[in-house]
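Colleague: Could you walk me through this one? I would like to talk about its rings and its core.

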Amino acid sequence: MDRLRRSPSRRRLLQGAFAAAVPAALLPATRATAGDRAVDYPLADWVPASTSNYTASNRPSSYPIDYVVIHVTQETYADTLAIFQNPAKKVSAHYVVRSTDGHIAQCVRERNIGWHAGNWTYNTRSIGIEHEGWVDKPEYFTNAMYEQSAALTAAICAKYDIPKDREHIIGHHEVPGSDHTDPGPHWDWTRYLRLVNFA
């Protein structure tokens, strides 16, 4: 039995010392878990927006959450995340969905107010989901993007008791006062709402 309790090898000790010395920023990114409370949606990775780009809050206690606002980035996924992390930009959304595989990044906690709708009342009462792509390039709206985004929207609706309909899941262009056109004419609302309702 004493043989099974050997002291660690020199190699193991060196590996441990190396790991302790490496800055966290150089280690591989890990998915945040519900235990560390960094994400609200378990399938999302935490990629935080600058604190200069959203308003800290305590929703739904401070404001009810009644809407999901669907956006299209007019940028790449990586550029969108960089914009949200730039404190000079004064913009953010809660989530960003990548085109190729539907991968989801959470940038703002749901309890906080993202600056995405261009209308303060709608910002306070909504969750914003950005989708990588351009309104005039339907090839960006992949099956994976629709499916993963719809599952996210369904989870948000279930969590906040938001009806899964077009009165509560709206496009950015439908926000009062908006001068945006996204998600644009190629976004398939019928398909999206069907996926949300069957998720």
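**Rings and burial**

Modeller: Happy to, and let me begin with W189, which is buried because its relative accessible area is 15%, where buried means under 20%, exposed over 50% and partly exposed in between, with a 1.4 Å probe and protein chains only. Please keep in mind that this is a predicted model, where local features need pLDDT of at least 70, side-chain atom pairs count only at pLDDT 80 or more, and totals for chains, interfaces and linings use all residues. Residues are numbered from 1 along each chain as its sequence is written, and side-chain values use heavy atoms, with hydrogens and water left out.

Colleague: Thanks! How many aromatic pairs does the structure hold?

Modeller: Rings of Phe, Tyr and Trp (its six-membered ring) pair if their centres lie within 6.5 Å; planes under 30 degrees apart count as stacked, over 60 as edge-to-face and the rest as tilted. With that rule, the number of aromatic pairs in the structure is 9.

Colleague: Why is the pair of F141 and Y146 edge-to-face?

Modeller: The two ring centres are 6.5 Å apart. F141 and Y146 are both buried. The pair is edge-to-face because the angle between the planes is 65 degrees.

Colleague: Which residues do ring pairs link into a cluster?

Modeller: W187 and W189 also form an edge-to-face pair, at 6.3 Å centre to centre and 70 degrees between the planes. W187 is buried, because its relative accessibility is 4%. The cluster linked by ring pairs consists of F141, Y146, W187, W189 and Y192.
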